[in-house]
Amino acid sequence: GFLDHVALGNEEWNPWEGDEKNELVASQQRYEANLKMIKNARSHLEQTSLRVQIWGKAAIGLYLWQHIFGGHLQPADVTAQWREGSQKVGKTYFSFITGPSVVPGYFSVEAENVVLVLNGREKAKIAYATQWLHYTQMLIQTHKIQHVAVVLLGNEQCNNEWIQPFLKRHGGFVNLLFVTYDYALVNEEDIFQWPLGVATYRNFPVVEPSWSMLRDPRSYLCNFLGTVYKNSSRETLMEILKQDGLDELCWIAARDQWQPQETNESFKNYQDALLQSDLTLCPVGINTECYRIYEACSYGSLPVIEDVMTPGDCGNSSMYHSAPLQLLKTMGAPFIFIKNWKELPAVLEKEKKMSLQEKIERRKKLVEWYRNFKAWMRQKFINTLENSFLPSDKG
C-alpha cells in the first residue's frame, strides 16, 4: 500500500486512510446491525407471544369461535367431519379444530397451550370429556404441551364435581376453567363464568343486524316457542296469556315435549318469531339461563326473563346475591327481569303504548349491548389466558 500511495505523488497522501476506511465500514456495519436489531425488536413485538390451539369437542366451542371471536371455519359445511380456522388476536395466535374426526391421538398438536371445549351435561358426556382430559394430561406429562384451559358446558343444576380433581388447585393440571351457569365455585381467579350463548348445535347463525331489523315495525308484542313442562311456571305463563287474550297479540307456539330434532321449517319459524316480536319471553327451564336469551339479543327482541333461581347447586353462595344470571347482570344487560309471570300483563300494556321510535332506540341499545358483551368476553378470555400462560416478568 505504501509504495502505491507514493507513486500517486500528486495526491495528498494520508497514512490513516486505511483505518478511516475500515472505520467507515465498521460504522456502516454497526448501523446495519442496529437497524436489524430494531427491526427484529419491532417484529418481535408484533410477533405472537402465545400460540393457543382450541379443541372444540362441544357445540359451545362454535359459540366461542364464531360468535365471540368472529372466526371462520373451513369447510363451511356444518356436517363436515373436520373443520378448522385460525386468527391472531393481540399477542395471541389461535387455531381452532372441531368435528367428529378430532379424536385423541389422531390430529397434530400444534401449540404448547390448549383450550379444551367439553360437554359435562350428563353421565355419558362426562365419560367422553374425561377421556379427553386423560389424553391432555398425558401430553402435559410428556411435555408436548404446557398449559391447559377448559371451557365447559356445565350441568344445568351445576353438579360439576367430576371436574374438580383435574384443576390445578386440587393437584390437577387444568390452569383455568370457564364454565356455564351460575356455578357456586366461580371465583374470578381460576374459575370463571362463561355464557351459554346461542344453540350452535341447532346451527343458530351469527346474525348481522340489518337496517330493517332495527327499524321496521314488528307484528307481535311478544313470542314464546317452546315446551311447556307439567307443573312449571311455563303453565302459569300460558294461562296468563290466554286469560287476557294476550296470546292474540303474541306469537305463541307451545308443545308438551322437548324436541331435539329441529326441522328447517321449525327453525325458520323460530327465527321469524324473534324477528317479528318486540319481546321474547324467557321462562325458566331446568336452569334460568337458556339459549333463547342470546338468540333474542341476536335479533333485537328484548328478553323478558323470569328472574328466579332454579333447583340445584347453582350460585347458592352469599357472594352471588345477584344470581341467577350473575354474568349478564354484572355486564348490565338491558333486559326486563320479572319475579312472577303475573307481572307480564302490565309489561305488555306498557309495550302497547310505546312508539316505534322508542322501540327502535331500545333495539339499537340491545344489539349494541350484545355486541359489546361478546367483545368484552373475548377480551377477558384472552387476557385471562395471557396472564396465566405467559411467563410473568416478576423476578
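Modeller: Contact here means heavy atoms within 4.5 Å. This is a predicted model, where local features need pLDDT of at least 70, side-chain atom pairs count only at pLDDT 80 or more, and totals for chains, interfaces and linings use all residues. Residues are numbered from 1 along each chain as its sequence is written, and side-chain values use heavy atoms, with hydrogens and water left out.

Biologist: Which residues does R121 touch?

Modeller: Leaving aside residues up to four places away in sequence, R121 touches L153, G154, N155, E156, Y181, L196 and Y291.

Biologist: Why is R121 called buried?

Modeller: Buried means under 20% relative accessible area, exposed over 50%, and partly exposed in between (1.4 Å probe, protein chains only). R121 has 17% relative accessibility, so it counts as buried.

Biologist: What joins the side chains of R121 and Y181?

Modeller: A polar contact of 2.4 Å. The term needs a pair of N or O atoms within 3.5 Å; within protein, one must be able to donate a hydrogen and the other to accept it, and residues adjacent in sequence count only if both atoms are side-chain atoms.

Biologist: Why is α8 called oblique to α11?

Modeller: Their axes pack at about 120°. Angles under 35 degrees are roughly parallel, over 145 roughly antiparallel, 65 to 115 roughly perpendicular, and the rest oblique. Therefore α8 is oblique to α11.

Biologist: What makes α3 and α11 roughly perpendicular?

Modeller: The axes of α3 and α11 cross at roughly 110°. Therefore the two helices, α3 and α11, are roughly perpendicular to each other.

Note on methods. Axes fitted to C-alpha atoms, helices over the stretch in contact; angles between N-to-C directions. Helix = DSSP H or I, 4+ residues; strand = E, 2+ residues; numbered from the N terminus.
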